[in-house]
Amino acid sequence: MDSLTQKILAEYESVQYPGNAFTQTHPDLIAVVAARAGMAAPPVENCRVLEIGCATGGNLLPMAEQMPQSKFVGIDLSPAQIRYGQSIVGELGLTNIELCCQDLMELPEDDGRFDYIIAHGVYSWVPAEVRERLLEVCQRHLAPNGLAYISFTTFPGSVHNQIARELAMFHSRGVADEEQLVNGGRGILRFMLQNAVASPAYRKMLHEAHEKMTHAAWQYVCHDDLAAVCQPFYFWEFMAKASRAGLEYLGDTESKGMWAGSDDPLRRKVMEVSNDMVECEQYMDFLVNRVFRASVLCRQGAVPSVAQGDGKFRQALFASGNPTERPSAGDPGGVRSVEFSGIIGKVELREAPPIAAVRHLKKAWPRSVPFAELVDIALGQSPTFLRRAQVADALWKVLDLCFALGLIDFSTRPRRLIADAPTPLPKATAYARWQAAGGQLVVNLRHVGLPLDDDVRRLLPLCDGSRDHPALAAALQQENSADSPASGGRTARRSVDELLNLLVSLHLLLKN
Ligand SMILES: C[S@@+](CC[C@H](N)C(=O)[O-])C[C@H]1O[C@@H](n2cnc3c(N)ncnc32)[C@H](O)[C@@H]1O
């Protein structure tokens with residue numbers, strides 16, 4: 001093991017990485033990216049997943065519980081993190097997940113093939129030779145139509161973070177204690193912000209860096225910003241290496257409004273400069289000052305070239321979403337055009353067929369709707385001379401843009417697990433109940449980590465499918481008064497029914 005990797009190992013042995021789930025790493029979303037690119041992905045309900053650098057397994061554990069037919073293997077360098085993860089696996093009694101202490105550099109060649117390989121937050125945080133091996137491992141261990149997810153920090157957006165990192169590292173040089181290192185970094189950024197004699201642009205950069213470093217948990221700052229290695233890359237540099245390793249780019253799972261679908265006007269402009277996919281992505285990164293990528297790759301040649309633009313795979317997708325609807329500014333009556341918006345983006349729709357389709361999604365929420373059902377809806381609003389294929393094509397372009405802007409989700413399967421109303425015997429996953437009892441973020445049935453308020457946190461562990469609503473109310477009342485007699489009134493303010501509805505809206509309750 002080289003000295004840099006030894007340092008990385010020591011850092012994680014001493015400070016554990018907070019074990020979270022990351023929506024953008026879910027095989028289902030990775031499969032959606034493949035479908036959009038015209039490739040058939042391995043079915044997620046019955047697949048083999050390898051996560052490299054899995055820390056305590058916080059990303060794989062909820063997947064393993066929710067996809068019992070699939071098999072999960074997580075490897076990590078740090079024995080302390082793996083031991084902690086293994087203790088949770090044992091507590092939950094999961095049999096389809098294995099967490100192993102394993103240096104990626106020594107992964108045996110005969111360790112099998114995987115349908116999905118996930119490496120989140122690893123590539124930019126390991127030495128050059130480990131990065132190279134990561135790409136080789138993906139190529140070597142992917143099934144023929146397998147998909148790899150690799151995230152990394154990118155230039156140009158990370159230039160500012162690099163300056164803040166250099167400043168903090170310079171200020172705290174020689175400091176061994178990790179928490180002190182982080183506090184020192186936060187302090188010097190604050191000092192610079194208050195005293196910098198520089199352009200407004202530089203001050204703005206310091207302000208943003210200070211906010212980022214101050215609001216994140218110190219463990220994240222320690223491992224993400226002030227780690228022994230933290231190296232951003234230009235997308236083209238990453239792809240040059242991936243390509244040498246025999247991997248091909250399909251798309252990204254994380255948009256955050258930084259890029260949009262193929263029908264996005266900005267992307268169309270970029271395509272006037274280049275129609276090479278990698279170059280186009282690089283220009284987009286410059287345009288939006290991109291900070292991070294969550295890229296999906298396959299083995300070279302796995303995408304049949306004729307399949308590009310073939311709608312077969314996308315037509316098998318399901319959609320779900322509940323964007324806010326309001327009349328467009330130019331059409332206050334909302335007769336001809338409507339604006340749909342989400343947290344990161346909005347679109348103005350002017351045609352009746354896509355408006356009807358998005359409204360159908362809103363009505364069905366949280367149910368996921370097959371694309372074919374949405375085409376039926378759009379067809380009902382279209383002129384009769386249009387063929388179904390034409391309507392489907394036009395609808396796809398709009399929905400794809402809505403997806404890229406974060407207004408709707410796509411999925412390769414119906415989301416059967418999510419309850420759309422409180423069930424008679426409410427039940428949450430064992431992992432969510434375990435997390436709520438431990439006071440961490442809680443992962444919902446869409447693989448999103450959620451902070452919960454105290455009332456919900458108390459109720460969730462009780463939702464194990466054995467109690468009806470009155471029994472839950474009684475148990476909650478008992479918990480509240482045992483904790484502090486004065487808090488007995490809390491359940492009166494927020495009834496169990498109200499809290500159960502909240503659990504439903506947070507997608508924390510199982511259907512049956
Ligand atoms: C920034 S953390 C990310 C953890 C997790 N993927 C997440 O995003 O929450 C990087 C992880 O990679 C692991 N790691 C670093 N070098 C490794 C290597 N050579 N082999 C296996 N794991 C490694 C570290 O121990 C650490 O848990």
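**Entry 1**

I began with β9 and strand β10 (residues 338-341), which pair in the antiparallel sense over four bridges. Helices and strands here are DSSP runs numbered from the N terminus (H or I, at least four residues, for helices; E, at least two, for strands), and two strands pair if DSSP finds at least two bridges between them. This is a predicted model, in which local features need pLDDT of at least 70 and side-chain atom pairs count only at pLDDT 80 or more, while totals for chains, interfaces and linings use all residues. I also noted that residues are numbered from 1 along each chain as its sequence is written, and that side-chain values use heavy atoms, with hydrogens and water left out.

Which residue of β10 stands opposite Pro327? I found Val338 there. Next I followed the whole sheet: an open one of three strands, in the order β9-β10-β11, with antiparallel pairing. β9 (324-327) and β11 (346-349) are at the edges with a single partner strand each, so one side of each has no neighbour in the sheet. From one strand to the next, the twist averages 25°; angles run from 0 to 180 degrees between N-to-C directions, and axes are lines fitted to C-alpha atoms, for helices over the stretch in contact.

Then I looked for a helix here, and helix α13 (residues 352-364) lies across β9, β10 and β11, running at about 40° to β10. Contact means heavy atoms within 4.5 Å.

**Entry 1: the seven-stranded sheet**

I moved on to an open sheet of seven strands with mixed pairing, ordered β3-β2-β1-β4-β5-β7-β6. Which strands are at its edges? They are β3 (97-101) and β6 (247-252), and each pairs on one side only. Neighbouring strands are turned by 20° against each other on average, direction ignored.

Inside this sheet I picked strand β4 (residues 114-119), which runs parallel to β5 and is joined to β5 by five bridges. Ala119 has Ile150 in β5 as its bridge partner. Helix α5 (residues 128-141) packs on the sheet and touches β1, β4, β5, β6 and β7 (292-299), its direction making about 160° with that of β5.

**Entry 2: the ligand**

How many residues surround the ligand? I got 17, and the closest are Gly53, Asp76, Asp103, Leu104 and His120; a residue is near a molecule if one of its heavy atoms lies within 4 Å of it. By class, nine are nonpolar, five polar and three charged. The classes count Ala, Val, Leu, Ile, Met, Phe, Trp, Tyr, Cys and Pro as nonpolar, Asp, Glu, Lys and Arg as charged, and the others, Gly among them, as polar.

- An oxygen atom of the ligand is 2.6 Å from a side-chain N or O atom of Asp76.
- A ligand oxygen atom is 2.9 Å from an N or O atom in the side chain of Gln81.
- A nitrogen atom of the ligand is 3.2 Å from a polar backbone atom of Leu77.

Taken alone the ligand exposes 600 Å², and the protein buries 97% of that (Shrake-Rupley method, 1.4 Å probe).

Most residues other than glycine have a negative phi, and most peptide bonds are trans.

- Ala55 is not a glycine, yet has a positive phi of about 55°; Ala55 lies in the loop between β1 (48-52) and α3 (60-66).
- The peptide bond from Phe155 to Pro156 is cis, with omega near 5°, and Pro156 lies in the loop between β5 (142-153) and α6 (159-171).
- Trp365 and Pro366 are also joined by a cis peptide bond, with omega about 5°; I found Pro366 in the loop between α13 and β12 (369-370).

Note on methods. A polar contact is a pair of N or O atoms within 3.5 Å; within protein, one must be able to donate a hydrogen and the other to accept it, and residues adjacent in sequence count only if both atoms are side-chain atoms.
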